[in-house]
Amino acid sequence: MDETLGKESVVRHPKKKKKQPVTWSLIKNQNQLIWMSVPLMLYIILFAYVPVWGWTMAFQNYRPGRSFSEQEWVGFKQFKFLFTDDNFIRVLRNTLAMGIINMVLGFVTAIVLALLLNEIRKVFWKRIVQTISYLPHFLSWIIVTGIVATSLSINDGIVNIVLMKLHLIKDPILWLSEGKYFWGIVGASHVWKEVGWNTIIYLAAIASIDPALYEAAEIDGASRYKKMMFVTLPGIKATIVILLIMSVGHVLEAGFEVQYLLGNGLVVDWSETIDIFVLKYGIAQGNYSLATAGGIFKTVVSVTLLLMANFTAKRLGEERLL
């Protein structure tokens, strides 16, 4: 009798299903999906893999008009110039600083706004606030930088007027003429333009949380703040981690338009990014090899940061891309 109970008490784990091998019959059954994916594959090959051939220019003293066999190969000369040039070190510092500022401010503000919007009970007001917040996303940076420059002007800028009315400053400040303010201005501009758009995906993740969790928390006496902290935030943690990993891979994408349009000779040491460096010292001077080397550097660093962030998330037991 004991032996029978012992045998019955053994937990039998279900066998894992073997992965179905790819056969011609399986391909034939899914031929419609395959044909639908052909345009996308052609797009990726044409615009993502074929241009990689152009990376060879970084290892040449490239001259337009010459054939590939006539180009002079110089090895890592362009990369050595990049890593020893003081201007490139300066623009790398600016790019990293503004990229990190944009990433941190963008994440924090988008999550906070999503949490606050989720607490609005009236659907009408919730939609009004959400619409107003993401409308700037559809404005071009030309318009946005014009608004920012007008708001920060020394004569009739709204920022100086408000700060002086509040007695926070005595005299108007030349915001766009002092480098110490430039990174903050760029970060604030990115937040104003993109916070509403970045909030949409968090609101979608919040909508997928089981309402029974909120009901159980309310029965236990949890306040609205505690429900945000212990129900909503844990419910969207996977989304936050995935977006954070993707953002880390784009930390060198600090921007080009806003820095180029708001920058001037007085703040050039703070405003130039790698993209502006490539334009000024590479493309504008016909040094396409240097421009390509700068692009390769950005790509390699971005992929490395992405893999490191993904590996870190894996070691911490969080969601990951790969």
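Guide: Let us begin with a term: helices are DSSP runs of H or I with at least four residues, numbered from the N terminus. In this predicted model, Ala149 is found in helix H7.

Visitor: How many residues apart in sequence are Ala149 and Phe124, and how many Å apart in space?

Guide: Ala149 and Phe124 are 25 residues apart in sequence, and their C-alpha atoms are 33 Å apart. Beyond its neighbours within four places in sequence, Ala149 is in contact with Leu176 and Leu262.

Visitor: Is Ala149 buried, exposed or partly exposed?

Guide: A residue is buried under 20% relative accessible area and exposed over 50%, with partly exposed in between. Ala149 has a relative accessibility of 30%, so Ala149 counts as partly exposed.

Visitor: Which residues of helix H7 are buried?

Guide: Helix H7 covers residues 141-151, and its buried residues are Trp141, Val144, Thr145 and Val148. These residues lie on the same side of H7 because they cover an arc of only 95° around the axis. Ile142 and Thr150, on the other side of H7, are exposed.

Visitor: Against which helices do the buried residues of H7 pack?

Guide: They pack against H9 and H13. Both helices also contribute to the largest pocket: H9 (179-207) and H13 (257-262) each supply at least two residues of its lining, as do H5 (86-118) and H12 (237-248).

Visitor: How much space lies in the largest pocket, and which residues are closest to its centre?

Guide: The largest pocket holds about 740 Å³ of space. Its lining has 27 residues, of which Asn102, Met103, Glu194, Asn198 and Ser247 are the closest to the centre. H9 gives the most to this lining, with eight residues. By class, the lining comprises 15 nonpolar, nine polar and three charged residues.

Visitor: What is the phi of His167?

Guide: Most residues other than glycine have a negative phi. His167 is not a glycine, yet its phi is positive, at about 60°. His167 lies in the loop between helix H8 (158-165) and H9, and its relative accessibility of 70% means that His167 counts as exposed.

Note on methods. Residues numbered from 1 in each chain as written. Predicted model: local features only at pLDDT ≥ 70, side-chain atom pairs only at ≥ 80, totals over all residues. Heavy atoms only, no water. 1 Å grid on protein atoms, 1.4 Å probe; cavity = no way out; pocket = protein on both sides within 12 Å on 5 of 7 lines; lining within 4 Å. Points joined across faces, edges and corners; volume = space filled by probe spheres on them. Nonpolar A, V, L, I, M, F, W, Y, C, P; charged D, E, K, R; others polar. Buried < 20%, exposed > 50% of the residue type's maximum accessible area, 1.4 Å probe, protein only. Arc of directions from axis to C-beta. Contact = heavy atoms within 4.5 Å.
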